[in-house]
Amino acid sequence: MNQKLVLSCVTKIFNSEDGEMKSLEEISLNINQNEFLCIIGPSGCGKTTLLRLIAGLDFPSSGKIILDGEEIRSPSPERGMIFQDFSLFPWRTVLRNVEFGLEILGIERKREVAEEYLNLVGLNRFKNRYPYELSGGMKQRVAIARALAVNPAILLMDEPFGSLDAQTRNMLQDEILRIWGKTKKTVVFVTHSVDEALYLADRVVVMSINPGRIKKIIDVNMERPRERTDLKITEKRNEILDILSVELKKMTDR
Ligand SMILES: Nc1ncnc2c1ncn2[C@@H]1O[C@H](COP(=O)(O)OP(=O)(O)O)[C@@H](O)[C@H]1O
Ligand SMILES: [Mg+2]
């Protein structure tokens, strides 16, 4: 099955008291099945808006988002979203958090499936704990297991490791690559970190602000596992940082 995700001239305008605000302008992008795509750009350039549109939580003002030949019009278990703040249910145990989506979908053997995914993220031992008993990295692993348990084709991740310390972050980057290699998902991953994007992505979409547009798409085209200090990464990092510094200047000049 061709799970190609096509964004065609997607524009999103919000109406506020100060008038119209163009959050995204004419975003056109083809995302391939099994691709690991990272999106980077200054705060406010519309990254979260874009993920919400792909998730079907909101709609473009104009343009279309098409998955498998069909326009996305509502949320679907086909597209799982993972947020920076983990958003676990504090009153549910780890296991019951992972079971949540399975319950909603009325999937039988939910316990078995949930345990399978807790094993995948290495947390089965902690299945009876509550979120408050876990570290940030563990909470994000639970969120990943919960999103994966319903077997989405596309995983949408909004700065998922942004609040974690550097060491935990590096570990989870390796973990998400391992899971991606094993489960063959399409991943759209928003990050603030150029290094993170270059460590993970097949392609990096660099966005500009006011309005939010695609400024450049960088083909990373490197074997994994990657060396974080690889010279090729350094070159690409400089290229992206140059683009971003122009964008940041735009923001401070306003
Ligand atoms: N529901 C909304 N109503 C009005 N404005 C919004 C809404 N959601 C986002 N925006 C505006 O759209 C722009 C992009 O926001 P967002 O997608 O959150 O950016 P990013 O995730 O890149 O930081 C911001 O200026 C933000 O204030
Ligand atoms: Mg955001």
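Helices (H or I, at least four residues) and strands (E, at least two) are taken here as DSSP runs, numbered from the N terminus. This is a predicted model, in which local features need pLDDT of at least 70 and side-chain atom pairs count only at pLDDT 80 or more, while totals for chains, interfaces and linings use all residues. Residues are numbered from 1 along each chain as its sequence is written, and chains are lettered from A and ligands numbered from 1 in the order in which they are written.

Let's begin with the sheets. Two strands pair if DSSP finds at least two bridges between them. By that rule, 4 strands form an open sheet with antiparallel pairing, in the order β2-β1-β4-β5. Because β2 and β5 (70-71) stand at the edges with a single partner strand each, one side of each is left without a neighbour in the sheet.

Within this sheet, β1 and β2 form a hairpin with 2 residues between them. The two run antiparallel and are joined by 9 bridges. L5 stands opposite I31 in β2, and F14 has M21 as its bridge partner in β2. Towards β4, β1 again runs antiparallel, here with 5 bridges, and S8 stands opposite K64.

Which strands does α1 lie across? They are β1, β2 and β4 (62-67), and the helix runs at about 65 degrees to β2. Axes are lines fitted to C-alpha atoms, for helices over the stretch in contact, and angles run from 0 to 180 degrees between N-to-C directions.

A residue is buried if 20 or more other C-beta atoms lie within 10 Å of its own, exposed if 12 or fewer, and partly exposed in between, with C-beta atoms placed from the backbone. Since 7 of the 9 residues of α1 are buried, the helix is largely enclosed by the rest of the structure. The buried residues are K47, T49, L50, L51, L53, I54 and A55. Just after α1, G56 takes a positive phi of about 85 degrees.

A residue is near a molecule if its C-beta atom, placed from the backbone, lies within 6 Å of it. Ligand 1 is surrounded by F14, S16, M21, S23, G41, S43, G44, C45, G46, K47, T48 and T49. Two or more residues of this shell come from each of β1 (5-16), β2 (19-31) and α1 (47-55). The element that gives the most is α1, with 3 residues. By class, the shell has 3 nonpolar, 8 polar and 1 charged residues. Ala, Val, Leu, Ile, Met, Phe, Trp, Tyr, Cys and Pro count as nonpolar, Asp, Glu, Lys and Arg as charged, and the others, Gly among them, as polar.

## The six-stranded sheet

A further open sheet has 6 strands in the order β6-β7-β8-β3-β9-β10, with mixed pairing. Its edge strands are β6 and β10 (213-219), each pairing on one side only. From one strand to the next, the twist averages 20 degrees. β7 and strand β8 (residues 186-190) pair in the parallel sense over 5 bridges, and L155 stands opposite V187 in β8. Helix α7 (residues 231-253) packs on the sheet, touching β3 (36-40), β9 (203-208) and β10, and its direction makes about 170 degrees with that of β10.

Here are some strand pairs with their bridge counts:

| Strand pair | Direction | Bridges |
|---|---|---|
| β1 and β2 | antiparallel | 9 bridges |
| β1 and β4 | antiparallel | 5 bridges |
| β7 and β8 | parallel | 5 bridges |

Helix α4 lies across β6 and β7, running at about 170 degrees to β6. The expected span of a helix is 1.5 Å times one less than its number of residues. For the 14 residues of α4 (residues 136-149) that should give 20 Å, which agrees with its end C-alpha atoms being 20 Å apart. The helix is mostly covered, with 11 of its 14 residues buried. What covers these buried residues includes β6 (79-82), α2 (94-104), α3 (110-120), β7 (154-158) and α5; residues are in contact if their C-beta atoms, placed from the backbone, lie within 7 Å. Just after α4, N151 takes a positive phi of about 55 degrees.

In helix α5 (residues 166-183) we find Q173. Is Q173 buried or exposed? Q173 counts as buried because it has 20 C-beta neighbours inside 10 Å. Leaving aside its neighbours within four places in sequence, Q173 is in contact with F161, E196, Y199 and L200. Q173 and L200 are 27 residues apart in sequence, with 7.2 Å from C-alpha to C-alpha.

Terms used: Contact = placed C-beta atoms within 7 Å.
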